[in-house]
Amino acid sequence: MRISVIGCGYLGAVHAAAMASLGHEVVGIDVDEAKVEALRSAKAPFFEPGLPELLSSASATGRLSFSTDMADAAGATVHFLCVGTPQKRGEFRADLAYVEAAFTALLPHLRPGDVVAGKSTVPVGTAEDLAERLAGTGASLVWNPEFLREGFAVQDTLHPDRLVYGLESADGEPTVDGARARALLDEVYAEPLSEGIPLVVTDYATAQLVKVAANSFLATKISFINAMAELCEATGADVTRLADAIGYDARIGRRFLNAGLGFGGGCLPKDIRAFMARAGELGVSDALGFLKEVDSVNMRRRVRVVDLAREVCDGSIVGRRVAVLGAAFKPNSDDVRDSPALSVAAQMQLQGAHVTVTDPEAVANAAAKWPDLRFAASPLEAARDADVVLLATEWDEYRALDPDALAGVVAHKRILDGRNVLDPVRWRAAGWTYRALGRP
Ligand code: UDX
């Protein structure tokens, strides 16, 4: 199958390489020259485990190319829309400017029978609008949301938990175009489907909602446990033991119940906000009123960590040296979009602390965003003479830190465990003041 992938960011670059590895002939299109140049030489333009290997093997087949020219999408049968939908400046709504630009640029290159497959996370109703604009081209639209997690993007793309197709439908049944689009996607995903991966075939509205509903559920789960952490703080209980205990109930489950600094990244925060905005436009804002609380609980955790730093520093962080371990919004990523780690680091710096940040992969992105912070290449370098150390992103190498080695470089042995991943007994035994979120 000849495929074009429009937008080569965290989603599209992985999707393009993965589709080529499945045997398709793929062209990835992006407006960013530098990104396209890197991808052409099989270099990943961002840190994603497994992507460099996938790019090299896919490029070696000769089936994967990249271009900045939308005309190169012509000739492909399925065109995947993978551009970003960030939060609009000063609003909760999603900014659809990239979707609009990509779609408009693609239109003149479509042939009758082509299928545009939307993967970007969009407000429900967008697919219907785009489908209408395809009328007269002979091309049709399918909505095929993507659920990949950064850090596991390759695995999630090649072996997803499920596939969802939103087809053009009438009276609850796919139209002729809808059925044809389905057949083409079945061919694209023949290999994952043959593994028995569940497929949900539905209409446009449901397919678009599935994505934001899934992300809202995940965000709610995290904020639920973080709200419990607030209760634990008020009562001396331990949120990690609480999560273990409730997580044994299969209906609840232990995954995504890690209390700490909360969620960030390019998806969950902006997706729940865009969902609330869309619900308002649809006249059902009450249905998502709880997401406002989910957002507030999440943001309060960042404030709480700054307060904890103040507490352990005898009431003030002004002029204190703070080492922040982690800048990425989660481990195994170099993505700092709405990163809780970086947000807390910047907040402490703005409140008068001298903050040094380290991260195995995200220092360059973090420095571009917050040039006033200091950056270090390793935890030991960041923690030199520190008055307090904050573990903000749970990279394996920070989980495995030796309290005695770190004690050798700091000014004061005070550690804040922003992700509840260190052993308090071990750190206290090594003479550290250990504080965490929701743990005594
Ligand atoms: C998310 C969804 O998981 C994915 O399905 C969707 O396609 C895109 O959005 P991602 O943004 O890559 O993926 O990150 P995810 O692994 O979901 O983590 C989001 C945030 O939640 C991170 O900041 C992480 O640190 C935090 N988190 C996660 C917690 O605070 N506690 C948890 O228990 C789990």
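This is a predicted model: local features need pLDDT of at least 70, side-chain atom pairs count only at pLDDT 80 or more; totals for chains, interfaces and linings use all residues.
Residues are numbered from 1 along each chain as its sequence is written, and side-chain values use heavy atoms, leaving out hydrogens and water.

The domain bounds come from an automatic or database domain assignment, and they are as follows.

| Domain | Residues |
|---|---|
| Domain 1 | 2-197 |
| Domain 2 | 212-295 |
| Domain 3 | 302-436 |

The contact between domains 1 and 3 (heavy atoms within 4.5 Å) takes seven residues from domain 1 and ten residues from domain 3. The centres of these two domains, taken over C-alpha atoms, are 38 Å apart.

How many salt bridges does the rule find across this interface? There is one, where a salt bridge is a side-chain nitrogen of Lys or Arg within 4 Å of a carboxyl oxygen of Asp or Glu. Elsewhere in the list of pairs, glutamate 150 and arginine 337 meet through their side chains in a salt bridge at 3.2 Å, N to O.

Next, helix 12, which covers residues 289-312; helices (H or I, at least four residues) and strands (E, at least two) are DSSP runs, numbered from the N terminus. Its 24 residues should span 34 Å at 1.5 Å a residue, and the end C-alpha atoms are 36 Å apart, which agrees; the expected span is 1.5 Å times one less than the number of residues. Among the buried residues of helix 12 are Leu291, Asp295, Arg301, Arg302 and Val312, buried being under 20% relative accessible area (1.4 Å probe, protein chains only). Their cover includes helix 9 (204-235), helix 13 (340-350) and strand 15 (414-417). After helix 12 comes aspartate 314, with a positive phi near 60°.

Finally, phenylalanine 80 sits in strand 4 (residues 78-81) and counts as buried because its relative accessibility is 0%. Beyond its neighbours within four places in sequence, phenylalanine 80 is in contact with residues including Ile3, His15, Asn144 and Tyr189.

Definitions and conventions:
Buried means under 20% relative accessible area, exposed over 50%, partly exposed in between (1.4 Å probe, protein chains only).
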